[in-house]
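Please take a moment to look over the model shown here before reading the paragraphs that follow it.

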Amino acid sequence: MEYKRNCPKCGKVLYYTNKHNRNAIEKKGTLCMSCSSVIKNKKHGNNKKFIERYGTKGNNTGTDNAFFGKKHTKISKQRRTKRYSIPRTQRK
Ligand SMILES: [Zn+2]
């Protein structure tokens with residue numbers, strides 16, 4: 001026999017093989033897989049580090065690239081060139 005409950009968010013019917021399991025999950029108000037993953041994504045959507053790390057994965061070109069259209073300023077470029085042109089032993 002199957003035990004079912006509805007996702008509190010989208011109303012999708014979820015089946016459980018175990019009554020105890022179903023009741024425990026119902027008590028918690030757990031959402032279905034797709035709803036809970038949306039919430040997870042939203043959570044990470046506010047996480048800058050997560051976006052930097054995974055946000056551009058697989059489509060790191062064109063407008064999808066977070067760095068698209070931006071340029072390093074001349075100053076920071078020069079700074080870096082200067083820094084790395086100095087041998088490691090002579091760096092302060
Ligand atoms: Zn749902």
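**The strand pair and its turn**

Strand 1 (residues 3–6) and strand 2 (residues 13–16) pair in the antiparallel sense over four bridges, where strands are DSSP runs of E with at least two residues, helices are runs of H or I with at least four residues, and both are numbered from the N terminus; pairing itself requires that DSSP finds at least two bridges between the strands. This is a predicted model, in which local features need pLDDT of at least 70 and side-chain atom pairs count only at pLDDT 80 or more, whereas totals for chains, interfaces and linings use all residues. Residues are numbered from 1 along each chain as its sequence is written.

Within this pairing, Tyr3 stands opposite Tyr16 in strand 2. The two strands form a hairpin with six residues between them, and in the turn Gly11 has a positive phi of about 80°. Gly11 counts as exposed because it has 9 C-beta neighbours inside 10 Å, the cut-offs being 12 or fewer other C-beta atoms within 10 Å for exposed, 20 or more for buried, and partly exposed in between, with C-beta atoms placed from the backbone. The C-alpha atom of Gly11 is separated by 8.9 Å from that of Cys32, which is 21 residues apart from Gly11 along the chain.

Turning to the whole protein, there are four helices and two strands, and the pattern read along the sequence is β-β-α-α-α-α. Buried residues make up 0% of the 92 residues. Of the contacts with a separation of 6 or more, 15% are accounted for by residues 24 or more positions apart, a contact being two residues whose C-beta atoms, placed from the backbone, lie within 7 Å.
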